[in-house]
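I opened this notebook to record what I looked up in one structure. The entries follow the order in which I consulted it.

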Amino acid sequence: MKQILLVTDGCSNVGVSPVVASAHAYAEGITVNVVGVVDRGEVGDFGATEIEEIARAGGGMSRLVNTKQLSQTVQMMTRKTVVQTIQQAVQKELRQVFGQTSIESLPPEKRGEVVRVIDELGETSKLRVALLIDASASMKPKLSAVEEAIRDLMLSLQARQGASELSVFHFPGSSYGDDCTLDLDWTNNLSGVQAIFPKLQMRGTTPTGPAIMQVIDFYRQGDYGRKSRDETDGMMSDYVV
């Protein structure tokens with residue numbers, strides 16, 4: 001299962017619409033969740049609307065929180081999206097096999113078994129979460145809360161039975177005009193997270209849409225690499241006697 005978890009104040013102002021970019025992600029099997037760390041006032045109202053629309057287009061959830069709620073919200077959304085993704089797959093299978101439209105429409109004994117399987121898959125399925133951090137100037141006062149949330153999320157992922165990996169991006173990228181920068185490649189090692197924030201420089205613009213598109217490309221490259229390795233392994237096995 002693949003997720004993008006966007007942490008932002010929702011005030012994008014450069015490049016392709018983040019709502020359009022989020023829809024592209026969902027079309028490629030990547031769920032986009034958005035945690036909005038917003039303030040009161042006009043900017044907060046605009047940001048809240050954009051946050052909700054990004055999540056809706058990405059098939060995910062959105063929450064508006066203050067900095068004290070951020071860590072707990074990030075963990076909750078990640079786990080809830082895993083269960084939601086599994087439920088959607090199960091319901092699709094039920095429609096194809098039994099003609100049932102939902103889990104609730106099953107007989108009680110069957111429903112209990114399906115729920116048990118969903119719970120088990122939620123803990124054992126492989127999960128990758130690409131964390132996309134808004135490092136624009138407006139997010140600077142909230143950065144320490146973001147750092148804490150990432151550490152807690154990594155601990156939560158490590159507690160799962162299934163393989164879980166986290167990657168971290170921030171946007172805008174470097175001073176050379178990059179929309180997004182990869183800070184941490186796929187890992188389940190907590191120590192790598194701690195090295196990100198001391199070198200993170202907050203910048204003025206907020207290219208949320210282009211940043212989402214770059215993370216989609218990152219997922220594509222990983223999928224292509226795994227496919228190539230699998231094909232190579234398959235060809236090698238053909239010559240094994």
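The entries below go from the whole chain to single residues.

**Entry 1. Ground rules.** I noted that this is a predicted model, in which local features need pLDDT of at least 70 and side-chain atom pairs count only at pLDDT 80 or more, while totals for chains, interfaces and linings use all residues. Residues are numbered from 1 along each chain as its sequence is written, and side-chain values use heavy atoms, with hydrogens and water left out.

**Entry 2. The chain as a whole.** I looked up the elements and found seven helices and six strands in the protein chain. Helices (H or I, at least four residues) and strands (E, at least two) are DSSP runs, numbered from the N terminus. Read from the N terminus on, their order is β-α-β-α-β-α-α-β-α-β-β-α-α. Of the 241 residues in the protein chain, 43% are buried. Here buried means under 20% relative accessible area, exposed means over 50%, and partly exposed lies in between (1.4 Å probe, protein chains only). I also looked up the contacts, where contact means heavy atoms within 4.5 Å. Among contacts with a separation of 6 or more, 78% are between residues 24 or more positions apart.

**Entry 3. The sheet.** In what order do the six strands of the open sheet run? I read the order as E3-E2-E1-E4-E5-E6, with mixed pairing. Two strands pair if DSSP finds at least two bridges between them. Strand E3 (62–65) and strand E6 (181–187) are the edge strands, each pairing on one side only. From one strand to the next, the twist averages 15°. For such angles, axes are lines fitted to C-alpha atoms, for helices over the stretch in contact, and the angles run from 0 to 180 degrees between N-to-C directions.

I then examined two pairings. Strand E1 (residues 2–8) and strand E2 (residues 30–37) are parallel, with seven bridges; lysine 2 has isoleucine 30 as its bridge partner in E2. E4 and E5 also run parallel, joined by eight bridges.

**Entry 4. Strand E5 and serine 167.** Is E5 enclosed or open to the outside? Seven of its eight residues are buried, so E5 is largely enclosed by the rest of the structure. Serine 167 is buried, its relative accessible area being 0%. Alanine 130 stands opposite serine 167. Neighbours within four places in sequence aside, serine 167 has contacts with Val129, Ala130, Leu131, Leu184, Asp185, Trp186 and Phe218.

**Entry 5. Helix H5.** I found helix H5 (residues 143–158) lying across E1, strand E4 (127–134), strand E5 (164–171) and E6, at about 165° to E5. Its 16 residues reach 23 Å from first C-alpha to last, close to the 22 Å expected at 1.5 Å a residue; the expected span is 1.5 Å times one less than the number of residues. The buried residues of H5 include Leu143, Val146, Ala149, Ile150, Leu153 and Leu157. An α-helix has 3.6 residues a turn, so residues three or four places apart point the same way.

**Entry 6. A cis peptide bond.** Most peptide bonds are trans. I noted that the bond from phenylalanine 171 to proline 172 is cis, with omega near -5°. Proline 172 is in the loop between E5 and E6.

**Entry 7. Two buried loop residues.** Glycine 10 lies in the loop between E1 and helix H1 (18–27) and is buried, with 0% relative accessible area. Apart from neighbours within four places in sequence, glycine 10 contacts Phe46, Gly47, Glu50 and Ile51. Glycine 10 and aspartate 134 are 124 residues apart in sequence, yet 8.7 Å apart in space, C-alpha to C-alpha.

Serine 125 is in the loop between helix H4 (108–124) and E4. At 17% relative accessibility, serine 125 counts as buried. Its C-alpha is separated by 7.4 Å from that of methionine 1, 124 residues away along the chain.

**Entry 8. The largest pocket.** Which element gives the most to the lining of the largest pocket? I found that H3 does, with four residues. E1, E2 and helix H3 (70–97) each supply at least two lining residues. Among the lining residues are Met1, Lys2, Tyr26, Ile30, Thr81 and Gln88. On a 1 Å grid over the protein atoms alone, a pocket is an open set of points where a 1.4 Å probe fits, with protein on both sides within 12 Å along at least five of seven lines; lining residues have an atom within 4 Å of a point. The space in this pocket is about 200 Å³. Grid points are joined across faces, edges and corners, and a volume is the space filled by probe spheres set on the points.
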